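Hi everyone, thanks for coming. Let me bring up the model I want to walk through today, and then we can go around it together.

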Amino acid sequence: MILRLAWRNIGRNKRRTALTLAAVVFAVVLVVHMIALTTGVHERMIEDNVRMHAGHLQLTGAGYLEDRTLERFVRWTPELAAAVDATPGVAAAAPRVNGFALLSNGSASQGVALLGVDPVREGGVSTWPERVVRGAFLGTGEREILLGERLAEALRVDLGDQVLAYTVAYTLENAYELFTVRGLIHAPEPRLERSLALITLRDAQALFAYEGRVSEVALLARDSSRLDETSRSLAAAVSAQSREPLDVNPWPVVMPELAQLLVIDNAQNYSMLGILVVVVAFGILNTILMSVLERQRELGVMLALGLAPREIFRLVYAESLLLCGLGLALGLGLALALPAAVFMEGHPIPIRGDVREMSEMFGFTPVISWQLTAWNPALATLLMTAIALLAALYPAAKAASARPVDALRSL
Amino acid sequence: MRRLAALGLATAFAAAAAAQDARLEPPPAQPSARALAEQVEATFRGEASFLDATMSVTSPRLPAPRRVRFQSWDDRGGKRSFIRILEPAKDRGTAFLKLHPNLWSWVPRVERTIRVPPSMMLQSWMGSDFTNDDLVRESSVLDDYDHRWLGVEPSHQGARAFVIEYRPREGAPVVWGRIVAWIDPVKLAPLRQEYYDEAGVKLRVMTLGGFRAVGDRQYPHHWSMLPLDKPGHETSIEVNAIRFDEKFDAEIFTHRNLTRRE
Amino acid sequence: MARALAEFARSLVRASTWRLALRGLGRQPRRSAIVLVAVAIGLGSLLVAMALQYGLVAQMAETAIRTEIGDLQAHAAGWKDTAPLEARLLEAESLAALSRARELAGFAPRLRGEALAQSPLASVGVRVLGVDPEREGSVSTLSSFLHEGAWLDAPRRLAIGAGLARRLRVAVGDKVVLAVQDVRGDLTGEAFRVAGIYRAPSRELDEAVAILRLDDAQRLFAVAGEISELAFAARERGALEAPRAEVARALGPGVRVETWRELEPMLDTMIALFDQIGWVMYAAIFVAMAFGIANVLLMSVLERAREIGVLLAIGMPPARMVAIVVTESVVLVALGVAAGFAFGFAVIFALRDGIDLSAFGDGLRAFGVPTRLTPVARSGDVWAPLAVAVVTALLASLWPALRAVRTRPAEALRKA
């Protein structure tokens, strides 16, 4: 009975309903988009970093994170490669040798991180192949090297020139090799660009006397939200193929600084979301309260006609909940179907000006991106329901406490 | 080579003293511990020395010990030295020239000279338990330590040996807590050095043997360095020839010599 | 139309309009209270949100600046292209030149070099940072990261990060030898005792830096009386040009003075990026606030159609009527804005010690990351929410008022 009455009331005053409804719909759209924005920005940051460094998951010899030396290795056999590739959830895998070397040309010399990569597999995981600004990425050629632009400048070499790499091999011998500069890369950080050189995995294994071994296998996951699961299956798959104990670490362990940054940013974003919720809740509360106040006379008449205050409370509460429910449904529909949501996801807002240039320089994709996940509308629904339940409480109580005579007189 | 030995001293030695002291006889009144240390230093010292030696490095990483034969010309007074690798064949001709304060390395296979930066000078030399720094360190190590008698061991490898302790002075660039050295009472040459950390844990043992007369001194022709914290690692050196107080041709310490083909 | 506008404008400045508007507000105290609360909560929250956002950004900069960089640094010209030991300044001369600087809150001389840190069990390449323990505190908070032991309390002591201590396998009181190539090119070294172990917010500082007393570092590298860097704390973080000019003038030519933005472009970019993202975020709150205000105003004016109809029927000029309604709204919103500022700043003040973020991430403190988020109010931040509130109030009352007066009185009466 109450529900039917409430429904009729909602239908009767279209303008009031429209305003309240608009407030709710609007709130839902805002909340959904704000969460989508947070998720989008974070996913983008993770993606950029993951592709610049060790992948979503990093497979290494046990203890590599604590002791990044040639002592810790993975035997990259065809069997291991097959096991890695066949692991469910693994999208791509790139084996790498991480070593240090002195590069020199005449009297110019520079200590660098020498990265040995598989020219075919690397592009599946990282963006290094796209970072070549002059020349070309590594291929089938022998003894070719890619240098950071600033490194090439410091060594005073250009495409086609030779540089000498000098290092201590795994076998503790001094090792030397001449490499031809095949390309120049634009690294995300200036410091990295001064101290990074890429050679092929095969050449790196020869230089470091690291036959069949690699320092790490960087893996890209199909679904970055299920890293734990993928990590477990990977650990199980590789343990059967390896004589040495191996570690599988997800990116937050490999890059704790990024993980911390995101945690702090999340705390910040949830504070923002909390504030948004407060503003929205008051908006809705005010709207409902206003509509109750404007209906004093009508409610007074109902009380005078013998309706119990408890029933008035229920009526107003039901009205509010119906309105909020309706608004939530409309809002979610609008937020999800809104071309904006789809459009944003596919077409992130570009960042402009100096910040754009700088972001690019440091390897951030210069966009503010949106991303919708299943969790997002669920959270919005939860929040809006809580808001509706709470926001309708006071106006309903207010309405129920009105005395018939006062209500009539107040007009 | 003196440098390598000095290094051994310079960077380290010591004894599980308390336990050992019980087995040791009291020391003689003369010579003093300091005088003994000076004698040990004198065994290796020479203004201009030539060395031909073979170094073997044993490591779990290597299927078999790796042997490197080299010759070195060390002109201490002129603050310069020259080292050339003879074996293995793949490294033959590789040479190091130190002209204070720079160190150059010549790599014949790629026909290039590299100026070795300080950071690399401090790294392991040719994969051994010695560093480039050990090859080029100029200062005397005598003043880095206080010396003290521990006693006389009646039967160290079947013979009497003086046992003294080197304690690094505060601030001296020595990582060890102490070094214990066994010294031949007749030749006044070092036989064994044990390196301890400050907590008293023995970390390295260097043994010297194969004494032969070189001029008026007894020189150890066999050395071995055993790092106890790295199981399976050992570096040993066989001295093929050593000569002290040579008269060096200035031509040796030149870039031309560095890049010379034999 | 022009006449109506003139009438509207005239009405706005007439005392009777204001009197009527105020009386109108007083007659409906509850409705007025709702609008007021809507504005106050919306505006106050927005202020808090902006202060939190800026607080995060400011804290990122603050952490980096106060950890090591300082607001400004001075080096010998050309320092970026050479080894740290190559570009040096004279310590006594520089300090004397700066003694009368008025734009600075503090300055600290430093010496930088490279070394191989050795323990009996390991050796690690490190960056050496020689600091004057007394002066350093006026620029950086390095000593506050101390986790164990003491801070360079005596000569021949060093402080290292927990990461470096782990790599060298040493503890407080242990000996670490620093082997270096000094300024003459001699390979030399000295032993130092670990006085303290710190936990720093950056990995590099934690794993690859050894901090010594300045005089110890000068002796080690054989550069007595010389330094490689001067770091400065400005009186005001936002105004670095005056102190930069002052320092440049005091130290003379041949010295390059740079701000933290120039020294750490990556950090600068990160902050700019966060700032931009922040604006997008509170644009959402802006809109929510505007919507909340508009909604209650719309409702209150639309519900008054009958009253307005009565007034028009008894001869109130429509333009005057609109002026009264708009004045009512603006007065109400102005009161709300005042309440909002009071509310917002009260919250910011209440949160001045920061919000504890440690619940959001385990072990953040272990990495030396500040775990409190403190809101920071900027004077520039008050204008945008104020403008949004006032413009919203004008539009949200003007439109329904116009609509109400256009409706003929009889119709309005009937409808109500």
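So, to begin: in which sense do strand β3 (residues 80-87) of chain B and β4(B) pair, and over how many bridges? They pair in the antiparallel sense, over 5 bridges. Pairing here takes at least two DSSP bridges between the strands, and strands and helices are themselves DSSP runs (E, at least two residues, for strands; H or I, at least four, for helices), numbered from the N terminus.

Before going further, a word on what you are seeing. This is a predicted model, where local features need pLDDT of at least 70, side-chain atom pairs count only at pLDDT 80 or more, and totals for chains, interfaces and linings use all residues. Residues are numbered from 1 along each chain as its sequence is written, while chains are lettered from A and ligands numbered from 1 in the order in which they are written.

On confidence, the model scores ipTM 0.76 and pTM 0.72. Chain B averages a pLDDT of 79 (the predictor's confidence in each residue, from 0 to 100), with 82% of the residues at 70 or above. Residues 1-21 of chain B fall below 50, yet that stretch has 67 contacts in the model beyond near neighbours in sequence. A contact means C-beta atoms, placed from the backbone, within 7 Å. Where pLDDT is low, the predicted coordinates should not be read in detail. For chain C, the mean pLDDT is 80, and 93% of the residues reach 70 or more.

Back to β4(B), please. On its other pairing, β4(B) meets strand β5 (residues 102-107) of chain B, also antiparallel and over 5 bridges, and a hairpin of 2 residues joins β4(B) to β5(B). You can follow this through B:L97: B:F82 stands opposite it, and B:W104 is its bridge partner in β5(B). Buried means 20 or more other C-beta atoms within 10 Å of the residue's own, exposed means 12 or fewer, and partly exposed is in between, with C-beta atoms placed from the backbone.

Some backbone details now. In the loop between β3 and β4 of chain B we find B:P88, and the peptide bond joining B:E87 and B:P88 is cis, with omega about -5 degrees. B:Q157, not a glycine, has a positive phi of about 50 degrees; B:Q157 is exposed, with 11 other C-beta atoms within 10 Å. Most residues other than glycine have a negative phi, and most peptide bonds are trans.

Last, the interfaces. How many residues of chain C are in contact with chain A? The count is 45, against 43 residues of chain A. On the chain C side, α11(C) gives the most, with 23 residues. The axes of helix α10 (residues 256-294) of chain A and α3(C) come within 10 Å and cross at roughly 175 degrees; axes are lines fitted to C-alpha atoms, for helices over the stretch in contact, with angles from 0 to 180 degrees between N-to-C directions. That makes α10(A) roughly antiparallel to α3(C), a label for angles over 145 degrees.

Finally, the contact between chains C and B takes 20 residues from chain C and 21 from chain B. Thanks, and I'm happy to take questions!

Technical notes:
Two residues are in contact if their C-beta atoms, placed from the backbone, lie within 7 Å. Angles under 35 degrees count as roughly parallel, over 145 as roughly antiparallel, 65 to 115 as roughly perpendicular and the rest as oblique.
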